[in-house]
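Welcome, and thanks for opening the viewer. Let's take a short walk through a few residues, one selection at a time.

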Amino acid sequence: MSEKYVEINPLDYHITPQDIENVSKAGVVAVHLISFTPEYFSQKPQGEVMQSISITETGKVKFNSYLPGEKFGALKNGRQQQTEIGVLNSSYIFHFMLKLLEKDNYKKLDPRPGCWQAAIDYTNGERRNFYGPFYNETLISGIDVNDFIIKLTKIANPSLFGHVDALAQLEQCLENFSNVTTEANLQYVYQALQYCIYKKVAVDTMVKASGLDLAGEKASITGGFGIEPLTLEDGEHALVAMTSEERRNAFPAPYFVMELEALMRYTLNQEVLGLFLNPGTHNFLLPKEIIQAVLDSFDIKN
């Protein structure tokens, strides 16, 4: 016997009877989601690289995950889970999916790390497909559709809508660009940076040892201590951003943790070439003009 599904009060999620009537009028019979993790394009993927979930109007939920196959790009079956959430809960999810996919920023995109794809099936046999970039959030009237679906379906460790760790995503995109230096992979790096800004991700940056001692635990960018630039082989300078403890240990120096966006804005006002991401591994130099472009193009209203 299956576990009792979650019963919610629709008013807690701003769902009205009119919303449910609109779902019925739309004639939705099923929604499907496919999400790609950063591991999908890795040269040596580990763990799940793709997940799919289908929800029908009768309340049936089917979840599948996929692992890397024997050859690059190949997939093999991973976890499988089936459950039932009830007709009303399905209609609630359909309501949020219809509202979410009304947004103008969901357009056709190629599969990429963190990208997701959605499809809606209708009673007339029509299927509408949607593609979403990973730097967009899934909020409708203050409700996160990702969290809402997870709550109702009770799927373990899902990555719906490509919701993955922002720093892990950036590191994977940097690695992909290092391996294959295409314009498309470069754009993925820029989008990963946008997502890190949105998520207010913090990174490590080098500081002068004396300045760090003076600043103490409550140090800040306005505290008067000096952020130390890295001297490049040609004598030019760049500030440094390290994306993980592993990266920091690979490049020994005194470090201070600060939000990536603040560090990028600080870099624009310094006499340096730009921001050096992971100089111990990826060696990715982000020039000032690109920093400005990323900041200008970032829109938290997505």
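**Stops on the tour**

Start by selecting N157, which sits in the loop between α3 and α4. Helices here are DSSP runs of H or I with at least four residues, strands are runs of E with at least two, and both are numbered from the N terminus. Before going further, note that this is a predicted model, in which local features need pLDDT of at least 70, side-chain atom pairs count only at pLDDT 80 or more, and totals for chains, interfaces and linings use all residues. Residues are numbered from 1 along each chain as its sequence is written, and side-chain values use heavy atoms, leaving out hydrogens and water.

Is N157 buried or exposed? N157 counts as exposed because its relative accessible area is 65%; exposed means over 50%, buried under 20%, and partly exposed in between, with a 1.4 Å probe and protein chains only. Its backbone is worth a look too: N157 is not a glycine, yet its phi is positive, near 50°.

Next, select K154, in the loop between α3 (145-153) and α4 (166-179). K154 also has a positive phi, about 55°, without being a glycine. With a relative accessible area of 35%, K154 is partly exposed.

Now move to E57, in the loop between β2 (50-56) and β3 (60-68). E57 is partly exposed, at 39% relative accessibility. Which residues does E57 touch? Leaving aside residues up to four places away in sequence, show V28, V29, V87, S90 and F94; contact means heavy atoms within 4.5 Å.
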